[in-house]
Amino acid sequence: LRSPLERGVRQLWRKAPWIVAEQQWERAFYESTTPPPHVVAQSRYMREQILESYRIPQDHVHVIYNAIDTLEFSPEARLDRRQEMRSRWGIPDDAVCLLFLGHNFRLKGLWQLLRVLASGADQFHLLVAGKGTGSGQRRKAERLIRDYGLHGRVTLAGPVRPSMVALAAADGLVHLSWHDSFGFAALEAMACGLPVITTPFAGASELISPGESGLIVDPGVDDDVAGAIDTLRSAGERTRLGEAAARVAAEQTEPSNFLQVLGVIEQAARERGRPIGR
């Protein structure tokens with residue numbers, strides 16, 4: 001994803017004394033603490049990243065998926081604001097609105113998404129909710145829209161808060177992330193009953209049964225992305241996938257998440273023989 005020059009600059013940055021010192025402290029915390037610390041990972045994907053990076057006992061790294069407020073994010077809440085939000089951004093009633101929700105356009109796969117949409121898919125309108133990481137990304141997004149002839153089919157909404165405002169206008173979320181420890185955007189969309197297209201590099205994909213409650217693609221293969229988007233042409237498929245996604249997301253409640261984290265804390269406290277923090 002990065003140019004050779006940018007990779008070189010980042011490699012030099014990692015050798016800065018304060019970065020090296022922080023890394024040494026972090027490694028000592030994870031590997032030299034007695035008893036070994038317990039770690040909560042947001043996904044199996046992140047659990048593997050942690051175990052590859054530090055010598056921690058495997059049974060000390062616990063997978064606890066993020067939770068969602070099912071009162072704020074629900075199919076009913078989305079549908080209540082659907083017409084209002086589509087009118088706000090001038091999204092045609094007959095268009096299938098795909099949502100890109102994220103600030104890092106490159107990491108979340110916006111360039112690939114624009115390229116795929118340019119190859120066809122006239123039925124689709126793309127709503128981009130996010131500010132980019134800087135003016136460079138925003139200018140590139142504008143240039144690609146112009147170069148690909150997507151004017152009128154892509155709306156750059158900028159930062160949108162709360163996210164429900166953007167979710168309400170959408171018919172599906174496309175989250176082509178190259179790295180996401182979890183990816184709240186995907187879970188929020190699922191809770192709202194939206195079909196989600198995401199990648200194996202987003203932890204939230206572990207909640208999806210491919211073809212049943214969402215679609216998982218390789219973000220580097222345009223044909224995979226195009227095929228998944230084409231699936232969302234069908235209103236019946238969008239409804240089927242979205243309803244299944246909402247059922248899965250409804251299980252990721254905040255009370256359940258709290259109890260799981262509390263269980264890890266209590267286990268760590270028993271092993272230490274004293275309350276955490278003392």
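Predicted model: local features only at pLDDT ≥ 70, side-chain atom pairs only at ≥ 80, totals over all residues.
Local features need pLDDT of at least 70, side-chain atom pairs count only at pLDDT 80 or more, and totals for chains, interfaces and linings use all residues. Residues are numbered from 1 along each chain as its sequence is written, and side-chain values use heavy atoms, with hydrogens and water left out.

A salt bridge is a side-chain nitrogen of Lys or Arg within 4 Å of a carboxyl oxygen of Asp or Glu. Side chains of opposite charge can pair when their charged atoms come close.

One of the salt bridges joins arginine 44 to glutamate 206, with an N to O distance of 3.8 Å. Arginine 44 lies in helix H3 (residues 44-53), and glutamate 206 lies in the loop between strand E7 (196-198) and strand E8 (215-216), so the pair ties together parts that are 162 residues apart in sequence. Helices (H or I, at least four residues) and strands (E, at least two) are DSSP runs, numbered from the N terminus. Arginine 44 is partly exposed, at 48% relative accessibility. Here buried means under 20% relative accessible area, exposed means over 50%, and partly exposed is in between (1.4 Å probe, protein chains only).

Helix H4 (residues 75-88) holds both partners of another pair, glutamate 84 and arginine 81. Their side chains form a salt bridge at 3.7 Å, N to O. The two residues are three apart, about one turn of the helix. An α-helix has 3.6 residues a turn, so residues three or four places apart point the same way. Glutamate 84 is partly exposed at 46%. Arginine 81 is also partly exposed, at 29%.

Arginine 86 bridges to aspartate 171, and the closest N and O atoms are 3.1 Å apart. Arginine 86 lies in H4 and aspartate 171 in the loop between helix H7 (164-169) and strand E6 (172-175), so this pair ties together parts 85 residues apart in sequence. Both arginine 86 and aspartate 171 are buried. Elsewhere, a network of salt bridges links Glu6, Arg10 and Arg106.

Just after H5, glycine 120 adopts a positive phi of about 160°.
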